[in-house]
Amino acid sequence: MSQVRIGILIGSTRPGRNGDKVAKWVLDHAVERDDADFELVDLADFSLPHLDEAVPASRGQYANEHTRAWADKIDSFDGFVFVTPEYNHSTSGALKNAIDFIYGEWNNKAAALVSYGVHGGLRAAEHLRLVLGELQIADVRQQVSFSLVTDFEDYTVFAPKGGQEAQLTTQLDQLVSWAGALQGVREQKLAAAA
Ligand SMILES: Cc1cc2nc3c(=O)[nH]c(=O)nc-3n(C[C@H](O)[C@H](O)[C@H](O)COP(=O)(O)O)c2cc1C
């Protein structure tokens, strides 16, 4: 088993977004661990348009350079922390669009959800879990959530009230464990296909 690699995805591309602060908080705590490598992945850096691939993603025939760049980045990870805002009781359109662009690069990997919104973004996280199932991504139980009311000042200055560090530790324990185990599943599939 090689060192587990976890991508921390910033699920918002909005100017003035809160998502980058939440994701940075996750990274700052995660890098204290030595059982996995962690990297921030900012959707905004990939400038993905609305889905513009003619062939279904499940076939893995990506025509566009932006799709291949996104696929290569996601392919490099064993697991993910999805940092999702809540927009109209779901995740962001930008994150859903980025998810839809590719398929095989998500399969047989693990994920954890960190959400934020007026009520902690819990509805967005539950909605996102349904999507992850279709992608064959195993989502761990432990949730970390931040309320715009109690964990932010003026809805914009990130100031977590505390308690989330312990939740994140449990969540990353679960995530790294499953991400490592699923390396074996992917290796078996590669061997069987060879
Ligand atoms: C289009 C839109 C819809 C939203 N809908 C909800 C919602 O349904 N529930 C909620 O708790 N917050 C909602 N909010 C508030 C966001 O959760 C909050 O603005 C959050 O900071 C957005 O993440 P971002 O700043 O990283 O883009 C909404 C915000 C936007 C922009």
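Contact here means heavy atoms within 4.5 Å. The model is predicted: local features need pLDDT of at least 70, side-chain atom pairs count only at pLDDT 80 or more, and totals for chains, interfaces and linings use all residues. Residues are numbered from 1 along each chain as its sequence is written, and side-chain values use heavy atoms, with hydrogens and water left out.

**View A. Helix H4 and its buried side.** Helices (H or I, at least four residues) and strands (E, at least two) are DSSP runs, numbered from the N terminus. Buried means under 20% relative accessible area and exposed over 50%, with partly exposed in between (1.4 Å probe, protein chains only). Ala-124, Ala-125, Leu-128, Arg-129 and Leu-132 are buried in H4 (residues 122–134). They lie on the same side of H4, because they cover an arc of only 145° around the axis, taken from the directions from the helix axis to the C-beta atoms. Their packing partners are strand S3 (79–85), helix H3 (93–101), strand S4 (109–117) and strand S5 (137–147). Exposed Leu-130 and Glu-134 sit on the face turned away from the buried side. Gln-136 follows H4, with a positive phi near 55°.

View B. Beyond neighbours within four places in sequence, Phe-38 contacts Ile-6, Ile-8, Leu-27, Ala-30, Val-31, Arg-33, Leu-172 and Val-176.
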